[in-house]
Amino acid sequence: MSNFKIITNFIRSTFQEPSDFIPLHDPRFIGNEKKYLNECIDSNFVSSVGKFVGRFERMCADYTGAKYAVAAMNGTSALHIALQLAGVQRDDEVITQALTFIATANAISYTGAKPVFIDVDMGTMGLSPMAMEAWMRENVEMRGGEGATLRLDDYTTSRLHAGRSGVPISAAVRELHDDTTTRQNQDGLEHREAVQSCGRAVAEPSFHPYNKHTGKRISACVPMHTFGHPVKLKELKSVCDKYNIPLIEDAAESIGSYYNGKHTGTFGKLGILSFNGNKLITTGGGGMVLTDDEELAKMAKQLTTQAKVPHPYEFVHDHIGYNYRLTNINAALGCAQMESLDYLISLKRNLAEQYRSFFKNTEIEFFTEPEHCRSNYWLNAIITKDKVQRDELLQFTNQNGVMTRPIWELMNRLPMFSDCQTDGLQNSIWFADRVVNIPSSAIVPGYRK
């Protein structure tokens with residue numbers, strides 16, 4: 001218990017709170033928040049129509065480097081729309097991680113699809129490209145038009161041939177089929193027959209992955225950048241591209257985080273951000289869809305605004321839409337928060353460095369940003385030696401007015417996801433037993449609520 005008291009005292013001295021309650025993460029309003037809110041109220045445009053929504057979208061696009069940003073009412077609704085735009089349909093399967101906040105799995109469920117939970121990397125706490133590749137090789141086959149099926153080895157060979165020759169995969173498969181007679185002695189009868197079968201059957205320009213055990217199409221991959229730490233995006237995107245799976249980044253926690261100098265949420269077909277009240281910057285409740293595809297951006301705007309077709313007075317709708325619009329008053333808050341973002345991140349990184357220096361002299365490990373990354377350190381995380389120590393630390397700190405929390409319950413342990421397929425989740429289970437989040441609010445000099 002004495003070690004826990006030292007930790008608690010250090011947190012109190014760092015936050016300069018000798019006795020008051022210290023929350024896990026508080027918002028900071030240090031700029032034009034009141035000014036913009038007053039402007040919004042004075043304009044009388046406080047709902048979804050008003051200048052601040054468009055301004056907030058442009059600010060997010062400019063900051064992240066995405067070509068387009070479309071506002072939504074929260075990060076969960078943004079992810080729901082992103083999944084639909086990527087083509088996820090009912091009875092599909094979506095690869096994601098079990099070590100995540102439930103919103104990730106919930107949004108997948110909204111589409112009627114089912115999550116497949118893959119393990120995380122020890123260095124990122126995010127979806128592991130190596131684990132995903134291993135699971136895909138064991139459980140997936142590639143299917144094309146008219147029932148054409150390729151073993152993964154044959155599909156990979158076809159992709160390599162297509163890449164070298166510049167032809168579509170379907171044509172590459174046919175070329176491999178035509179070339180089989182000269183390669184028969186080298187490749188063997190089984191490979192020749194597989195390529196011949198696909199060469200006859202392929203009618204579409206691409207193949208898609210299907211789960212051999214369930215027969216369901218795997219239509220997306222959704223990594224989540226845990227606590228603002230980017231996953232191994234280069235390697236993960238390579239796996240997704242290899243198997244023709246759209247990458248959708250759940251960057252809800254990682255605004256201001258970069259992988260190899262590029263902002264999270266901009267590597268895949270789509271990405272999303274969250275501006276919930278406990279995030280690094282907040283609109284009270286809000287989210288954002290990021291994409292470089294103009295048509296997807298237009299459709300995102302359409303679907304989030306009840307799919308209403310613009311008209312001077314008629315009510316015409318062309319899709320099943322959603323009331324996912326961000327209000328002007330929320331966006332006004334967001335514009336002011338964006339203006340302070342870089343400053344707040346610098347304070348967060350300074351706090352993380354103080355924690356890192358403190359914990360290096362203890363038996364508890366401070367979790368630092370992955371290699372080639374610059375993290376926003378949204379929530380600082382420490383790793384205890386085991387679950388017993390974790391629970392003792394949680395009890396002591398919370399009883400003494402310092403808010404700490406364990407990492408989320410693994411998704412496959414929740415009743416609604418208990419029948420979802422996993423790969424064993426060895427690393428995820430290890431983290432779930434040991435991770436504790438500690439107070440992470442930006443410490444602004446002279447700031448008082």
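A: Let us begin with aromatic pairs: rings of Phe, Tyr and Trp (its six-membered ring) pair if their centres lie within 6.5 Å, and planes under 30 degrees apart count as stacked, over 60 as edge-to-face and the rest as tilted. Ring pairs link Phe10, Tyr355, Phe358, Phe359, Phe366 and Tyr377 into a cluster. Please note that this is a predicted model, in which local features need pLDDT of at least 70 and side-chain atom pairs count only at pLDDT 80 or more, while totals for chains, interfaces and linings use all residues. Residues are numbered from 1 along each chain as its sequence is written, and side-chain values use heavy atoms, with hydrogens and water left out.

Q: How many aromatic pairs does the structure hold, and what describes a pair of rings?

A: A pair of aromatic rings is described by the distance of the centres and the angle of the planes. The structure holds 15 aromatic pairs. In one of them, phenylalanine 4 and phenylalanine 396 are tilted, at 6.3 Å centre to centre and 45 degrees between the planes. This pair links distant parts of the chain, 392 residues apart: phenylalanine 4 belongs to helix H1 (residues 2-15) and phenylalanine 396 to helix H15 (residues 387-399). Helices (H or I, at least four residues) and strands (E, at least two) are DSSP runs, numbered from the N terminus.

Q: Are phenylalanine 4 and phenylalanine 396 buried or exposed?

A: Both phenylalanine 4 and phenylalanine 396 are buried (under 20% relative accessible area, with exposed over 50% and partly exposed in between, for a 1.4 Å probe and protein chains only).

Q: Why is the pair of tyrosine 259 and phenylalanine 267 edge-to-face?

A: The planes of tyrosine 259 and phenylalanine 267 stand at 80 degrees, with the ring centres 5.7 Å apart, so the pair is edge-to-face. Tyrosine 259 and phenylalanine 267 are both buried. A charge may also sit over a ring (NZ of Lys or CZ of Arg within 6 Å of the ring centre and within 35 degrees of the ring normal). The charged end of lysine 262 sits over phenylalanine 267, 4.8 Å from the ring centre. Likewise, arginine 55 lies over the face of tyrosine 36, at 5.5 Å from the ring centre.

Q: Which residues have the most contacts inside the largest nonpolar core?

A: A nonpolar core is a set of buried Ala, Val, Leu, Ile, Met, Phe, Trp, Tyr and Cys residues joined through side-chain atoms within 4.5 Å. The largest has 57 residues, and Phe56, Met125, Met288 and Met338 have the most contacts inside it. The elements giving two or more residues to this core include helix H3 (51-64), helix H13 (328-339) and helix H14 (341-359). H3 provides the largest share, seven residues. Leaving aside neighbours within four places in sequence, phenylalanine 56 is in contact (heavy atoms within 4.5 Å) with residues including Phe275, Met288, Leu326 and Met338.

Q: In what order do the three strands of the open sheet stand?

A: Strands of a sheet pair through backbone hydrogen bonds, either parallel or antiparallel. Here two strands count as paired if DSSP finds at least two bridges between them. The three strands stand in the order S3-S2-S7, with parallel pairing. Strand S3 (114-118) and strand S7 (218-222) are at the edges, each with a single partner strand, so one side of each has no neighbour in the sheet. Strand S2 (residues 93-97) is joined to S7 by four bridges, and threonine 96 has valine 222 in S7 as its bridge partner.

Q: Which open sheet has four strands?

A: The sheet of four strands has the order S13-S15-S17-S16, and its pairing is antiparallel. Strand S13 (365-366) and strand S16 (405-406) are the edge strands. Four bridges join S15 to strand S17 (residues 435-438), where isoleucine 382 stands opposite valine 436. S13 and S15 pair over two bridges, and phenylalanine 366 stands opposite isoleucine 382 in S15.

Q: Which residues cover the two faces of S15?

A: In a regular strand the side chains alternate between the two faces of the sheet. In S15, Asn380 and Ile382 lie on one side and Ala381 and Ile383 on the other, and all are buried.
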